[in-house]
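These are my notebook entries, written while I looked through one structure step by step. I begin with the strands, then turn to a helix, a ligand and a single residue.

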Amino acid sequence: MSKTALITGASKGIGRELAFLFAKDGCNLVLVARSADLLVTLKEELEEDYAVSVHIVAADLSQPDAAQAVFSEVKTRGIDTDYLVNNAGFGNYGRFLDAEWNCHERMITLNITTLTHLTYLFANDWKGRKAGRILNVSSTAAFQPGPMMAVYFATKSFVLHLSEALAHEFGQEQISVTTLCPGPTSTHFGEVSKMNASRLVKHVRIAGAGEVASLGYKAMMRGKPVVIHGQMNKLAPFGIRFLPRKWVTRLSAKIMQQ
Ligand SMILES: NC(=O)c1ccc[n+]([C@@H]2O[C@H](COP(=O)([O-])OP(=O)(O)OC[C@H]3O[C@@H](n4cnc5c(N)ncnc54)[C@H](OP(=O)(O)O)[C@@H]3O)[C@@H](O)[C@H]2O)c1
């Protein structure tokens with residue numbers, strides 16, 4: 001019997017690429033994002049090319065209780081899920097005090113609360129059947145503080161630590177939890193977050209969304225706990241373990257400058 005994956009942030013970027021990978025393997029999909037028009041086009045393309053069944057749920061996941069609303073919608077439609085991909089997320093480049101509070105609040109709700117709540121709801125649903133896989137999209141931002149994107153870096157650190165802990169806890173339930181940590185990747189993220197102005201983006205190789213999605217997909221299917229995209233991106237989290245934290249923050253601040 002065909003399996004079903006729910007992907008948040010499936011309308012663009014890494015999430016869209018993940019949708020193609022699942023569909024190519026014959027997996028049915030529930031695609032979630034705000035852009036209903038993009039989701040409808042993607043649904044038509046996937047159903048035609050891969051003969052899978054695709055449901056769409058247009059929702060703003062930065063709103064409180066969005067996770068419960070999506071979960072209830074999936075249940076109401078009688079859809080049984082096997083995979084959950086918490087991919088939707090955004091950042092905002094700039095000084096902490098210069099952004100509207102609402103921007104920080106929506107980011108925390110989307111990147112942390114909705115991801116955590118969806119994980120809770122779906123993993124509870126799967127508990128009895130001793131199967132299920134979760135892919136949580138974090139970032140290389142998870143490994144250090146990030147002046148100029150302080151809230152974003154902190155949210156991604158939360159995702160990494162939560163997911164690693166749950167990967168351990170859920171062993172009993174035979175539910176795997178994989179964290180994908182991409183470095184700078186060519187998607188709408190740079191534009192949305194205004195991060196293209198930072199040195200980080202100007203001086204590193206920008207990965208393709210397809211290669212990042214593929215790495216995350218394979219790691220999820222193998223039940224790997226954490227996967228970092230790119231050789232250089234793997235060096236930094238290792239290297240900074242040996243530096244005083246104050247230096248790490250200063251170094252990160254330099255890289256995040258315009
Ligand atoms: N690109 C990078 O350099 C990079 C690096 C590290 C980590 N990441 C992470 O990778 C993940 C995917 O981002 P991406 O790079 O693929 O960026 P993207 O091209 O901007 O895609 C973001 C996706 O999230 C959805 N989304 C954003 N806000 C939403 C909301 N309030 N409610 C529902 N869906 C929402 C967007 O759909 P709608 O606009 O249609 O809602 C879109 O499908 C994010 O978690 C990001 O933090 C990206």
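How many bridges join strand 4 to strand 5, and do the two run parallel or antiparallel? I looked this up first, keeping in mind that the model is predicted, and found four bridges between strand 4 and strand 5, which run parallel.

**Entry 1**

**Entry 2: strand 2, from both sides**

Why do I describe strand 2 as largely enclosed by the rest of the structure? I counted six of the six residues of strand 2, residues 28–33, as buried, and therefore I wrote it down as largely enclosed. Looking at the directions in which they point, I saw Asn 28, Val 30 and Val 32 going one way and Leu 29, Leu 31 and Ala 33 going the other way.

For the neighbours of this strand, I noted that strand 1 and strand 2 pair in the parallel sense over five bridges, with Leu 31 in strand 2 as the bridge partner of Ile 7. The chain crosses from strand 1 through helix 1 to strand 2, and I recorded this β-α-β crossover as right-handed. Strand 2 also pairs with strand 3, residues 54–58, in the parallel sense and over five bridges, and in this pairing Ala 33 stands opposite Ala 58. The path from strand 2 to strand 3 goes through helix 2, residues 36–50, and this β-α-β crossover is right-handed.

**Entry 3: strand 6**

I repeated the count for strand 6 and found six of its six residues buried, so I noted this strand too as largely enclosed by the rest of the structure. Ser 176, Thr 178 and Leu 180 point one way, while Val 177, Thr 179 and Cys 181 point the other way. Five bridges join strand 5 to strand 6, and the two run parallel; within this pairing, Ile 134 stands opposite Val 177. Together with helix 5, residues 150–169, strand 5 and strand 6 make a right-handed β-α-β unit. I also found that strand 6 and strand 9 pair in the parallel sense over three bridges, where Thr 179 stands opposite Val 226.

**Entry 4: helix 8**

Helix 8 runs over residues 209–222 and has 14 residues, and I noted that it reaches 20 Å from its first C-alpha to its last, close to the 20 Å expected at 1.5 Å a residue. I listed its buried residues as Ala 209, Val 212, Ala 213, Gly 216, Tyr 217, Ala 219 and Met 220. They cover an arc of only 170° around the axis, so they lie on the same side of helix 8. These buried residues pack against several elements, among them helix 1, strand 6 and strand 9. Just after the helix, I found Gly 223 with a positive phi of about 75°.

**Entry 5: the ligand**

Which residues come nearest to the ligand, of the 28 around it? I wrote down Gly 9, Gly 13, Arg 34, Ser 35 and Gly 89. The elements that give two or more residues to this shell are helix 1 and helix 6, and the largest share, three residues, comes from helix 1.

**Entry 6: Ala 66**

Last, I looked up Ala 66, which has its place in helix 3, residues 66–76. I counted it as buried because it has 21 C-beta neighbours inside 10 Å. Leaving aside the neighbours within four places in sequence, I found Ala 66 in contact with Ala 59, Asp 60, Leu 61 and Thr 114. I also noted that Ala 66 and Ile 108 are 42 residues apart in sequence and 13 Å apart in space, C-alpha to C-alpha.

How values were computed
Residues are numbered from 1 along each chain as its sequence is written. This is a predicted model: local features need pLDDT of at least 70, side-chain atom pairs count only at pLDDT 80 or more; totals for chains, interfaces and linings use all residues. The expected span of a helix is 1.5 Å times one less than its number of residues. A residue is buried if 20 or more other C-beta atoms lie within 10 Å of its own, exposed if 12 or fewer, and partly exposed in between; C-beta atoms are placed from the backbone. The arc is that of the directions from the helix axis to the C-beta atoms. Two residues are in contact if their C-beta atoms, placed from the backbone, lie within 7 Å. Two strands pair if DSSP finds at least two bridges between them. A crossover is right-handed if, with the strands pointing away from the viewer, the path from the first strand over the helix to the second runs clockwise. A residue is near a molecule or strand if its C-beta atom, placed from the backbone, lies within 6 Å of it.
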